[in-house]
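Here is a short report on one protein model. Keep the sequence and the 3D view open as you read.

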Amino acid sequence: MNATGKFAGFTVGLVVIFGAALALGSVAGPDVAEPAAHTAGDDGHGAAGHDAAADPTPGGLSPTADGYTLELASDQVTAGPAVPVQFRITNPSGVPVTDYTPEHEKLLHLIVVRRDLAGFQHVHPTLDAAGTWSVPLDLTRGGDYRVFADFTPAGGEGVTLGTDLRVAGTYDPQELPAPAPTTIVDGYTVTLDGTLRPGETSNVTLSVSRDGLPVTDLQPYLGAYGHLVALRTTDLGYLHVHPDGHPGDGVTAAGPGIDFAVTAPSAGDYRLFLDFQHAGAVHTAEFTATAGPEEK
């Protein structure tokens, strides 16, 4: 549903805001500074308090959950390299949420991916005093995109909401890559070790190497050595993913392996996106993984 009409009074100065943002190179959403907070109980993407093993239901299947609603200012835009997108989160009373609990150093994590699972982005919008979030997105390729907002309202539990964004432009649908244990991104080789099991929490390790040598000096990114987003390919259900350990805890190594607990709710294919930082740059490795039939 187009929510443009609901944003009357919220979009004054939008052109000025985004003109300044683009001039400053703010397309790199992950670099926007926000209050830092990280606790040992975090599960990795704003779902503090969730027990994924007890509740394997994927998130992000609806724009409304737990009384909170994700509203895009417009659900259709024109393709471009830095398209300004606005949205807000409303509470059960329909009022825009302005108070959030930071998770992994950010107030909100925005995940954007086309419905064929191409064009993945993990960015961090800016929030104004009225409760409107703003971010420029790389939407150079047309098609239907899924937008996930992963956040924790102050005093509440973690919530993941999802809605569709239609991008007018040339559409070049991509085939889902076949499952493979390794992938290469920006000269790094990343290896996936572990098997997804439907209805269970599975331990997987993603190991990073470069030029044939293990990378043992990964840098913390958003309070962890790696962040993993997992999406079910059939409906883009957003899985609960838990990273193990924390940088500086005296136990967690800075590579080459990054350990995660992934709960696959059903058999089938999943797309995994790993963000990691090395030598001052953030890289995203992508995998297709299959959860086998449920054991009887």
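## Contacts along the chain

Take the contacts in the protein chain between residues at least 6 apart in sequence: 70% of them join residues at least 24 apart. A contact here means heavy atoms within 4.5 Å.

This is a predicted model, in which local features need pLDDT of at least 70 and side-chain atom pairs count only at pLDDT 80 or more, while totals for chains, interfaces and linings use all residues. Residues are numbered from 1 along each chain as its sequence is written, and side-chain values use heavy atoms, with hydrogens and water left out.

The protein chain has one helix and 19 strands. Both are DSSP runs, numbered from the N terminus: helices are H or I with at least four residues, strands are E with at least two.

The chain holds 296 residues, and 49% of them count as buried. Buried means under 20% relative accessible area, exposed over 50%, and partly exposed in between (1.4 Å probe, protein chains only). The protein chain exposes about 12,800 Å². Carbon and sulfur atoms supply 53% of that area. Accessible areas come from the Shrake-Rupley method with a 1.4 Å probe; for residues, only the protein chains shown count as cover.

## A cis bond

Look at G255 and P256. A cis peptide bond joins them, with omega about 0°. P256 sits in the loop between strand 16 (241-243) and strand 17 (257-264).

## Two positive phi angles

L117 is not a glycine, yet its phi is positive, about 70°. This residue lies in the loop between strand 5 (108-114) and strand 6 (121-123). Is L117 buried or exposed? L117 is buried, at 6% relative accessible area.

D186 is also a residue other than glycine, and its phi is positive, near 55°. Find D186 in the loop between strand 11 (182-185) and strand 12 (188-193). D186 counts as exposed, with 52% relative accessibility.
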